[in-house]
Amino acid sequence: MSEAEKRPTNFIRQIIDADLESGKHSSVQTRFPPEPNGFLHIGHAKSICLNFGIAQDYKGLCNLRFDDTNPEKEDIDFVNSIEEDVKWLGFEWSGETHYSSQYFDKLHGFAVELIEKGLAYVCFLNADEAREYRGTLTAPGKNSPYRDTSVEENLALFAKMKNGECKDGECVLRAKIDMTSSFMCLRDPILYRVRFAHHHQTGNEWCIYPMYDFTHCLSDAIEGITHSLCTLEFQDNRRLYDWVLENVSIEVTPHQYEFSRLNLEYTVLSKRKLQMLVEENLVNGWDDPRMPTIAAFRRRGYTPGSLREFTKRIGVTKMDNTVEIGVLEACIREDLNDNAPRAMAVLDPIKLVIENYPADQVEQLTVKNHPSDETQGTRIVPFAAELYIEAEDFREEANKKYKRLVIDKAVRLRGAYVITATRCDKDSDGNVTTVYCTYNEDTLGKNPTDGTKPKGVIHWVAAQQSLDAEVRLYDRLFNVANPAAEEDFNSVINEDSLITISGAKVEPSLVNAKPEHAFQFERLGYFCLDNKDVKSDKLIFNRTVGLRDTWAKTAN
RNA sequence: AGGGGUAUAGCCAAGCGGUAAGGCAGCUGGUUUUGAUCCAGUCAUUCAGAGGUUCAAAUCCUCUUACCCCUGCCA
């Protein structure tokens, strides 16, 4: 990871610096704790880079821990995809993968300890009753009628819960804290619920499952986490996090710190909403390249480094924020401009016939793979009398601002000769089908000897030698900057978020393209071979991102 | 007066009592066989607002305002 040059600074790193200096901690231990109930998205990448980045920079460790306390919503497939995504992003977790479910025995023991201390009780209030007893934001709650059950009886009841003698939802184990607290999460929060569900890690061993607030802090403590980083909505929960650790017999090292979650314009970043997009078939799965998931960015041609750079640029604070997609695009363009080999592709081909070029001749031109990085070498590109060029790169007539092919005007064919258009053919609808031109034989690698210099450069492929390709052009999924605020997604979906071009022509060297490895199709943007779909008769390319286009901006 | 948080440029974001970093976006020029890249320049007399302390305030104090989060047997 070469981006380690300048370390980011943020309030969490400042806390760690202080903790290290004061001797509160001698080393740093973090963790990334996803629930395996969906795919990781760019918001998770922020957390991953924060946690693993801190571990790297401070020579500490970072665990990967699945927070798997809700078996009904979780799945082993998500465990696998999450591990894959973290590795792909370029991080290695400390030791084996951890699971909160590994600690179910210990957690149970701590629950028993709380009961013995008179700090937890089994409550038979149903969900509706519990809600009533809880009170509201402005009104205090009232004590459960089961709050004063004896320790002995609570122990027996909890044992029944554990032994499967209570029905689903019949009762819960609650902490005895304060039903009048202004922190709602301190109004006797639920620690355990009864759930006869098969768990992807523990099978049918348990029929009671611990809640997040009870599990997370203890899992952190068990693993020796020093700095437990989470998002802002858990700020209130920190009081419960600390309460549990203070009231149980465990060596306490972890402290929770909260940072703001990432919001990105023109997309949604909540698992629930992403799941909705998948289930309603608004996209083609979690890894549809229009999704903001790690898997989707990967499929689209984003590099791990570009995503890491993005998380570095957006920073870590406690301020609510919505980042413009331009920041993300700038990151991937910067990476790919330096590293993606160039190639030529024509998305909307029209024929170009060079009338003074020998009809049966094919030249094998040597073309640079990168305009300024010589180390990327060269490749062979065939040149012949019949080529394809982009339909929008030709006009019969145009003003001086149009720097492409116009009748009686010259342009450079990228990496080849200077040509001058002479005439064109059109179909019955008036669309240009073929452009005729002459070429200047003495312009390969140099400007015309008459001192003129063509004002434009256009890309091309040789007609006979080119390959057929399908090209998928992606754009933002939503038409509004903040789709999450919308009640109905369907009304703000961008109908042009995917444009499939089936008749593209690409240069022959692209037979060797590898999935996910982006090329710059000159003058068009960055594209990579799709890593999933395959067609026998043509290559399938995804557009990662277009080139910056200041001309399009002023033209419109 | 429920509680917990946050306010610095269009969007992110440094700053931590000594006179407003940086990135993205934008705007001006220059180079260029990609309308890309690259290069140079430009872009907050002011930090949500009002008071106060100080030689000195985005930084400290007081009040006000706006926005976000909290009433799952989700995480």
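Mentor: A surface patch is made of residues with over 30% relative accessible area and no salt bridge, with like charges joined within 9 Å. Keep in mind that this is a predicted model.

Trainee: Which residues gather in a patch of negative charge on the surface?

Mentor: Asp and Glu count as negative. One member, Asp-488, sits in the loop between strand E23 (467–474) and strand E24 (498–506). Asp-488 has 33% relative accessibility, so it counts as partly exposed. The patch consists of Glu-279, Glu-280, Glu-487 and Asp-488.

Trainee: Against which helices do the buried residues of H11 pack?

Mentor: Helix H11 covers residues 304–314, and its buried residues include Leu-307 and Phe-310. The buried residues of H11 pack against helix H2 (42–57), helix H3 (76–88), helix H10 (294–300) and helix H12 (325–339).

Trainee: What is the phi of Lys-59?

Mentor: Most residues other than glycine have a negative phi. Lys-59 lies in the loop between H2 and strand E2 (61–66), and it counts as exposed because its relative accessibility is 73%. Its phi is positive although Lys-59 is not a glycine, with a value near 55 degrees.

Trainee: Where is Asp-408, another residue with a positive phi?

Mentor: Phi of Asp-408 is near 75 degrees. At 61% relative accessibility, Asp-408 is exposed. Its place is in the loop between strand E17 (405–406) and strand E18 (410–413).

Trainee: How many salt bridges does a search of the whole structure find?

Mentor: A salt bridge needs a side-chain nitrogen of Lys or Arg within 4 Å of a carboxyl oxygen of Asp or Glu. Asp-442 and Lys-446 qualify, with their closest N and O atoms 2.8 Å apart. The search of the whole structure gives 35.

Trainee: How many residues apart are Glu-507 and Arg-379?

Mentor: Their side chains meet in a salt bridge of 2.6 Å, N to O, and both Glu-507 and Arg-379 are buried. Glu-507 is in the loop between E24 and strand E25 (519–521), while Arg-379 is in strand E14 (residues 378–384). The pair links distant parts of the chain, and the separation is 128 residues.

Terms used. Residues are numbered from 1 along each chain as its sequence is written. Chains are lettered from A and ligands numbered from 1 in the order in which they are written. This is a predicted model: local features need pLDDT of at least 70, side-chain atom pairs count only at pLDDT 80 or more; totals for chains, interfaces and linings use all residues. Side-chain values use heavy atoms; hydrogens and water are left out. Patches are made of residues with over 30% relative accessible area and no salt bridge: like charges are joined within 9 Å, nonpolar side chains (Val, Leu, Ile, Met, Phe, Trp, Tyr) within 5 Å. Accessible areas come from the Shrake-Rupley method with a 1.4 Å probe; for residues, only the protein chains shown count as cover. The place of a charge is taken as NZ of Lys, CZ of Arg, CG of Asp or CD of Glu. Helices (H or I, at least four residues) and strands (E, at least two) are DSSP runs, numbered from the N terminus. Buried means under 20% relative accessible area, exposed over 50%, partly exposed in between (1.4 Å probe, protein chains only). Contact means heavy atoms within 4.5 Å.
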